[in-house]
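Dear colleague,

Please find below the structure that I am handing over to you.

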Protein chains: 2
Amino acid sequence: MIPKNKKSATIYDVAELSGVSIATISRVLNAPEKVNSETRARVFKAIDDLAFVPKAEARARALRHTGRIGVITPFFTAPSFVQRLRGLAGALSKERYELVIYTVESTDQLINYLSSLPITGNLDGLVIMSLSIGEEDARRLLEHNLPTVLIEYPHPTLSSVEIDDAAGGRMAAEYLIAKGHRRIAFLGDTDTAEYSIHPISQRLVGFRQALLDAHIPLPEEFVRLAPYTQDQTRQVASDLLRISSPPTAIFAATDFQALGVLKAARQLGVHVPEQLAVIGFDDLDLAEYVDLTTVRQYLDESGRLAIEILLSRIADPSRPAQHIHIPLDIVERATA
Amino acid sequence: MIPKNKKSATIYDVAELSGVSIATISRVLNAPEKVNSETRARVFKAIDDLAFVPKAEARARALRHTGRIGVITPFFTAPSFVQRLRGLAGALSKERYELVIYTVESTDQLINYLSSLPITGNLDGLVIMSLSIGEEDARRLLEHNLPTVLIEYPHPTLSSVEIDDAAGGRMAAEYLIAKGHRRIAFLGDTDTAEYSIHPISQRLVGFRQALLDAHIPLPEEFVRLAPYTQDQTRQVASDLLRISSPPTAIFAATDFQALGVLKAARQLGVHVPEQLAVIGFDDLDLAEYVDLTTVRQYLDESGRLAIEILLSRIADPSRPAQHIHIPLDIVERATA
DNA sequence: TAGTTTTATGAAAGCACTTTCATTGTATAC
DNA sequence: GTATACAATGAAAGTGCTTTCATAAAACTA
């Protein structure tokens with residue numbers, strides 16, 4: 001009860017007060033089920049009385065790991081980040097690891113994290129999600145032995161979970177072509193944050209190539225970009241639908257933007273899919289809710305896999321870097 | 001230079017490489033003037049070559065400069081959790097705090113977190129989201145001086161951000177009544193996880209009361225519950241819409257379930273809002289995409305506020321517990 | 001009732017450092 | 001040329017924790 005006005009309590013003080021050995025105290029803290037419930041109660045009482053808090057540093061030293069996995073992610077602006085994160089969290093909750101989130105909203109922030117996290121040694125592993133990193137950063141991660149896996153950004157020496165966006169763009173185009181469309185437009189976003197990657201560009205590349213291969217023209221007015229907001233996307237889609245000879249199909253580079261297209265169509269009285277086919281990309285949860293046909297990229301799975309690779313790397317650091325490609329496929333629903 | 005592909009370097013490795021004892025390494029780091037300059041140079045060289053970082057110090061320093069805030073949250077099954085979390089993360093990213101996420105999927109897990117985090121969590125503050133906690137837990141949090149704020153669950157001695165779900169239910173009912181509806185149904189979920197709170201019940205209470213006050217009957221067949229999945233909600237809504245005299249309006253207890261209702265209506269060729277008004281609850285991002293009229297509860301804001309309270313509590317622990325009520329309002333869009 | 005398994009505990013050996021103390025070899029004083 | 005003060009270093013003892021291993025007691029099994 002009386003706070004020791006000396007130094008803060010240690011495990012030895014608790015052991016003495018509760019009349020057991022320090023080993024038992026440690027067990028109460030880390031594996032309570034292994035100690036008799038009466039003893040446990042006594043120990044907890046002592047812990048409370050002494051306001052004992054185990055020192056994290058000593059603990060980490062003895063354990064030789066911290067039990068913490070970090071995730072650097074762009075701030076949750078896009079739903080896809082959240083869904084990947086969900087995959088990460090789900091995979092981790094079965095393991096004895098804490099999940100520490102670092103959201104980045106500026107290049108400075110990213111640089112900061114990337115330079116401090118590897119050297120503070122507070123993490124057993126790191127996942128870097130949908131963010132691009134430099135050579136210097138990669139070298140530092142490697143040098144300080146912080147096992148890392150990247151999602152959506154390939155790197156030769158670090159493990160990664162990669163998505164072939166160009167292939168996805170191609171799939172979308174081929175799907176629409178197979179459905180008989182010949183006037184197919186693209187709607188992407190204008191995100192330009194230098195720290196973030198821009199998979200949309202690759203989706204356009206693949207899309208373009210597929211049309212070229214099929215000898216279908218892609219007039220420049222069929223390629224539109226809008227800021228990543230519902231309203232502006234709707235506006236741009238609306239413009240696109242009102243040109244003199246509008247497309248019969250639109251490939252929206254993300255499901256989120258597909259919703260804007262759908263809304264524009266609704267407002268203009270354009271029937272989907274009869275008058276306009278719409279295909280998205282991502283297969284967010286909400287794609288299912290609104291029956292959106294889309295290119296599925298298994299977002300949750302990407303997170304799950306990242307953790308899987310990371311944990312195997314932590315278990316055996318000598319393992320070589322792995323590069324996993326997640327396949328894409330088309331989910332045919334009601335809009336195309 | 002050659003990165004030891006084993007664990008990261010310790011003071012012993014440096015000692016070996018530079019041919020001195022570990023005591024000298026320690027001195028170079030902590031009291032360089034006590035070491036011969038040639039030796040010092042050799043040691044620094046070795047430190048560089050091995051990319052050695054004294055762990056204890058690095059950790060201690062890191063811990064001194066950045067605090068850690070924990071969030072206990074139900075696993076990201078419902079979008080509303082994610083949106084509150086987004087509010088939390090957004091508010092925190094401007095501060096020097098790490099965000100540690102603890103997702104709970106079972107009562108055991110929750111109990112575990114609640115009993116271990118105040119002691120071994122090394123946290124500066126804790127947010128408990130949409131989860132119910134016992135007296136014992138609250139006492140422990142208080143006793144171990146872990147500043148805590150609850151979201152969606154009131155408690156006399158802990159701070160909280162509260163939502164008046166009953167009032168929300170009432171608002172929804174009153175809105176529909178004002179629109180002239182007299183046959184109004186309720187569709188909620190059947191979530192029964194004992195660790196989680198169930199705001200839906202309160203929404204129903206308020207809804208019921210408002211109908212009673214307005215002398216509008218609520219036949220039992222107008223109160224439906226469905227498991228919290230898109231498909232089952234749609235099914236239940238479908239059944240509801242096919243009874244002999246179906247409702248002209250449905251209050252879905254969450255936006256997510258409102259989507260199921262909307263889908264059922266679409267499939268049955270029931271026009272919204274002409275033949276059926278639908279109002280949701282939450283104002284999720286997706287409510288806007290689908291133009292859903294709903295009771296808005298400022299989810300992001302709830303997270304932001306929780307952090308605000310928490311940080312002020314951390315800054316000045318003597319502050320009394322705060323209880324903030326977030327007002328609700330109706331967002332009128334296209335479905336009711 | 002002896003034999004076996006299980007449960008609960010403690011002793012002691014780490015872990016990555018810091019610090020004290022003893023031991024060198026040298027520079028300085030007389 | 002001897003006594004003395006330093007300077008530079010290492011051996012070893014702490015630090016606060018976890019974990020392995022051994023053991024005693026209790027609980028089953030045959």
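A cavity, on a 1 Å grid over the protein atoms alone, is a set of points where a 1.4 Å probe fits but cannot get out, and its lining residues have an atom within 4 Å of a point. Grid points are joined across faces, edges and corners, and a volume is the space filled by probe spheres set on the points.

This is a predicted model, in which local features need pLDDT of at least 70 and side-chain atom pairs count only at pLDDT 80 or more, while totals for chains, interfaces and linings use all residues. Residues are numbered from 1 along each chain as its sequence is written, chains are lettered from A and ligands numbered from 1 in the order in which they are written, and side-chain values use heavy atoms, with hydrogens and water left out.

The cavity

The structure holds 1 cavity of 30 Å³ or more. The volume of the largest cavity is about 350 Å³. Its lining consists of 22 residues, and those nearest the centre are A:Pro79, A:Val82, B:Pro79, B:Val82 and B:Asp285. Two or more lining residues come from each of α5 (79-93) and α12 (285-289) of chain A, and α5 (79-92) and α12 (285-289) of chain B. Helices here are DSSP runs (H or I, at least four residues), numbered from the N terminus.

DNA strand C

A residue is near a strand if one of its heavy atoms lies within 4 Å of it. DNA strand C is surrounded by 23 residues, the closest being A:Ser21, A:Thr24, A:Thr39, B:Ile11 and B:Ser26. The element that gives the most to this surface is α2(B), with 5 residues. A polar contact is a pair of N or O atoms within 3.5 Å. In one such pair, a side-chain N or O atom of B:Ser26 lies 2.6 Å from a phosphate oxygen of DNA strand C.

DNA strand D

Around DNA strand D there are 25 residues, and the closest are A:Ile11, A:Ser26, A:Arg61, B:Thr24 and B:Thr39. A:Arg61 has a polar side-chain atom 2.7 Å from a base nitrogen of DNA strand D, and an N or O atom in the side chain of A:Arg61 is 3.4 Å from a base nitrogen of DNA strand C. For B:Thr39, a polar side-chain atom lies 2.6 Å from a phosphate oxygen of DNA strand D.

Yours sincerely

Key. On a 1 Å grid over the protein atoms alone, a cavity is a set of points where a 1.4 Å probe fits but cannot get out, and a pocket is an open set with protein on both sides within 12 Å along at least five of seven lines; lining residues have an atom within 4 Å of a point. A polar contact is a pair of N or O atoms within 3.5 Å; within protein, one must be able to donate a hydrogen and the other to accept it, and residues adjacent in sequence count only if both atoms are side-chain atoms.
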